[in-house]
Amino acid sequence: QVQLVESGGGLVQAGDSLRLSCAASERTFRLNRMGWFRQAPGKEREFVTSIGWSDGSTYYADSVKGRFTISRDNAKNTVYLQMNSLKPDDTGVYYCAATNYGSREYDYWGQGTQVTVSS
């Protein structure tokens with residue numbers, strides 16, 4: 001069972017930056033893609049971004065394009081989410097997730113880390 005542990009959340013002001021980390025407990029060769037999702041109070045969880053472990057391909061939600069950057073460090077089994085120009089609408093619990101090869105859904109989820117952006 002792969003375990004994912006997020007870190008780096010906190011309280012910041014609008015316009016600030018924050019970097020989240022997600023460490024996987026096992027070697028990344030088992031995993032296909034890593035993603036970040038977020039859930040704001042009273043709203044459904046939404047996709048933010050994802051990256052392929054092997055090819056580095058990335059996808060972003062329109063709401064974060066140009067402001068957020070996902071990256072990976074295969075040697076450390078860690079994925080990062082650099083968030084710049086943060087807005088109050090970015091507030092929520094951010095979850096890291098991972099898929100196995102051949103899986104059509106995210107198989108593993110972290111416990112989440114809170115990001116709060118004040119105006």
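**View 1. Overall fold of the predicted model.** Read along the sequence, the protein follows the pattern β-β-β-β-β-β-β-β-β-β-β, with zero helices and 11 strands; helices (H or I, at least four residues) and strands (E, at least two) are DSSP runs, numbered from the N terminus. The radius of gyration is 13 Å, close to the 14 Å that the globule rule gives for 119 residues, so the protein is as compact as a globular protein of that length; the radius is taken over C-alpha atoms, and the rule is 2.2 Å times the number of residues to the power 0.38. Taken along the principal axes, the C-alpha atoms fill a box of roughly 40 × 25 × 25 Å. This is a predicted model, in which local features need pLDDT of at least 70 and side-chain atom pairs count only at pLDDT 80 or more, while totals for chains, interfaces and linings use all residues. Residues are numbered from 1 along each chain as its sequence is written, and side-chain values use heavy atoms, with hydrogens and water left out.

**View 2. The loop that holds Lys 43.** Lys 43 lies in the loop between β4 (31-39) and β5 (46-52). With a relative accessible area of 58%, Lys 43 is exposed (buried means under 20% relative accessible area, exposed over 50%, and partly exposed in between, with a 1.4 Å probe and protein chains only). Although Lys 43 and Gly 92 are 49 residues apart in sequence, their C-alpha atoms are 9.4 Å apart in space.

**View 3. The hairpin of β7 and β8.** Strand β7 (residues 68-73) and strand β8 (residues 78-83) run antiparallel and are joined by six bridges, where two strands pair if DSSP finds at least two bridges between them. Four residues stand between the strands of this hairpin, in which Asn 77 takes a positive phi near 55°.

**View 4. Surroundings of Arg 72.** Arg 72 has its place in strand β7, and its bridge partner in β8 is Val 79. The relative accessible area of Arg 72 is 30%, which makes this residue partly exposed. Leaving aside residues up to four places away in sequence, Arg 72 touches Ile 51, Gly 52, Trp 53, Ser 54, Asp 55, Gly 56, Thr 78 and Val 79, a contact being defined by heavy atoms within 4.5 Å. Glu 44, by contrast, is 28 residues from Arg 72 in sequence and 26 Å from it in space, C-alpha to C-alpha.
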